[in-house]
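I opened my notebook to look up a few things in this structure. Here is what I went through, entry by entry.

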Amino acid sequence: MTLLTMSAVVAATPAMAAPTVWPSSLTVAGGSSVQGITIHDGLLYAADHGTGRFTTTTPGGSTKTVLTVEGGEPAAVAVDSKGDVAFTLDSDPTVYQVAASALPLTVSANSLSTDPNVQVRYHQTGTEYFYGLAFDASDNLYFGKSVNASVYELPAGQQTVVTTVVGLEAGVDGMGFAPDGSLYFATDDGNVHSATKSQLQSSLPLSPADLRTQPDGDAYMGIAFTGTRLEHYESLGGGNVVALAKFEGPYTPGTVTVAGTARVGETLTAKLSGWPSDSEYTYQWLRNSQAISGATSKTYQLTDVEIGAQITVSVTGSANGESATVTSNPVGPVGRALPLSAPLFNGQSDVSLSRTVTAGERFSFTGFGATGNPAPTYTVTSDANADRSLPTGVTFKNGTLSGVLTDIGSPEIVVTAKNSQGQAVERIELIVNPAKPIGLKAVVSPQRWESKDEPVWEVAPDGSVTQWLTSGEKPGATITAKQGSTLEVDVVKVDKYGNPVTSLQRVSVTSSIATDTVKALSQDDATITFNHASPHVITIRQDGFVNTFTIQVSPQTVASPTATPTATAAADSLAFTGANVAMPMGVALVLFFIGGILLIWTHLRKRRIGRHN
């Protein structure tokens, strides 16, 4: 079948993700005459006229066949947002489409119209063929006709076409959508035409006079945009190599505004928005609409010459051989410089204040900056850490203190502002209150300590137990007691960060063993005396929260009685009962036990166990 000199196409949907790197040229392995091309989801799809294959190629050059039309000559290919593949064949006035779920697929050219995996999107009788094919971001399918030199749109889900462009002087070849939604297509006379997204959505059809036309000298069989503005691959229909190039597209500038204070000594900055990402810029600052000599950077510091003047900046952006210049609105009139002054916080050189926050909630307090000329610099310290650094999660910038704290307390932030005229100090106390309570935590300990090595147990709100000794912690431990012994249970309501929350009601402590003796000590603690050896399930209730844990009570070992010698007590001394209770030894023993308790409770306190007063 004779190959016409018109061409095939491409479509890259604007919604696709741009590949990290596309090489300057790409080889479609196994191809012989690549026609239409498109890029979708990081893959180059190619219609290979010589082999009957539609293939994908990665930026690294790995090629796979996704569709084979036996006996057919592929001309164009396009891929929609779902990965469905639309295609045309040379000398066949039909647009076909195959669902992504049906790929890879091999089908005969003679059975395309009847194959259950192939959908006929559009068919026209006669000798009109389609060599341009492209999906837009909404999956509307555009295609070009070779004989009547027009472009048509086939709306998503429909089979009735909408005439888009008429009156072209040559047949339509390669076609593709740029990332900004503009449609680019080549014609058989070596020109490349483009219509903007807004034009395609306006009154149709468009005429050649409505299009932007640039001579290129080649009739592209395929155009595939990479996703980087107007960068694209071009296919000329011979061989299996496609080359990377750029169109000289219309340059659409963004806006420029002037940021800063119109006062002598202050620095103004040109702020850009909405410019093409590959732009290069030049700047010119103007005083009362007259260029300021040497003021050609992005910033400009005002001098006495500018007093009373209006200041603007003109920015020229350029890319791909085109450029545009935009001038900002004026700022001014420029005021005189402020007199030199030492820093002050709200008019004072030494300020103390406080702010209240809730654990876990983000806060942001403004207005903590200092006045002064020259503008002061800041040093920020805190008593929260040994190195005087700010608490983790807290920042101070441009007079705004913000962040998140999870531990209750009242860290002090000290902000010192300095300039050549002096300094000022601002002290900010952050009062961190607990968050909403989530449950009850308990600390279980012996009521009477017999050894510094006796454990203390921490019961988390979920009932898990950690055993604490002077040597460290042991998660997943079992609380134990001897028959006849007494343990103290201290209860604290906590938030999700383990912070204690003030209780409202007296704690209720009950045991599953009726013979246990439970005695309330205060609002938040009680003692339990175990009169029976077995597992005892303890339930604590307070302010609507409940927690349970088990204490394993073992039988009390009864020692055989032994004779105890009796000695006659001297005056002002105690009778000997088997233990030396003279004052020095008694004090040492008490201090010994207390020291062990303090070690454990100091560690527990660091873990935020205790009552919140």
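**Strands β3 and β4.** I looked up strand β3 (residues 43–48) and found that β3 pairs with strand β4 (residues 53–57) over five bridges, in the antiparallel sense. Strands here are DSSP runs of E with at least two residues, numbered from the N terminus, and two strands pair if DSSP finds at least two bridges between them. Across from Tyr45 I found Thr56 in β4.

**Ground rules.** I noted that this is a predicted model, where local features need pLDDT of at least 70 and side-chain atom pairs count only at pLDDT 80 or more, while totals for chains, interfaces and linings use all residues. Residues are numbered from 1 along each chain as its sequence is written, and side-chain values use heavy atoms, with hydrogens and water left out.

**The sheet around them.** I then traced an open sheet of five strands with mixed pairing, in the order β2-β3-β4-β5-β9. Its edges are β2 (34–40) and β9 (105–108); each has a single partner strand, so one side of each is left without a neighbour in the sheet. From one strand to the next, the twist averages 20 degrees; axes are lines fitted to C-alpha atoms, and angles run from 0 to 180 degrees between N-to-C directions.

**Another set of strands.** My next stop was strand β23 (residues 267–273), which pairs with strand β22 (residues 255–259) in the antiparallel sense over five bridges. Ser273 in β23 is the bridge partner of Thr255. Strand β26 (residues 299–301) also runs antiparallel to β23, joined by three bridges. There I saw Thr267 opposite Gln301 in β26.

**Aromatic pairs.** How many aromatic pairs does a search of the whole structure find? I got 13. Rings of Phe, Tyr and Trp (its six-membered ring) pair if their centres lie within 6.5 Å; planes under 30 degrees apart count as stacked, over 60 as edge-to-face and the rest as tilted. Phe363 and Phe365 are a stacked pair, 5.6 Å centre to centre with 25 degrees between the planes. I checked burial too, and both Phe363 and Phe365 are buried (under 20% relative accessible area; exposed is over 50%, partly exposed in between, with a 1.4 Å probe and protein chains only).

Tyr378 and Phe396 make an edge-to-face pair, because their ring centres are 5.7 Å apart and their planes are at 65 degrees. Tyr378 is in strand β33 (residues 377–382) and Phe396 in strand β34 (residues 394–397), so this pair ties together parts 18 residues apart in sequence. Tyr378 is partly exposed at 31% relative accessibility, whereas Phe396 is buried at 15%.

**A cluster, and a charge.** I also found Tyr122, Phe130, Phe143 and Tyr152 linked into a cluster by ring pairs. Over the ring of Tyr152 sits the charged end of Lys145, 4.2 Å from the ring centre (the rule: NZ of Lys or CZ of Arg within 6 Å of the centre and within 35 degrees of the ring normal).

**Ser150.** Beyond its neighbours within four places in sequence, its contacts (heavy atoms within 4.5 Å) include Phe143, Lys145 and Val172.

Notes:
Helix = DSSP H or I, 4+ residues; strand = E, 2+ residues; numbered from the N terminus.
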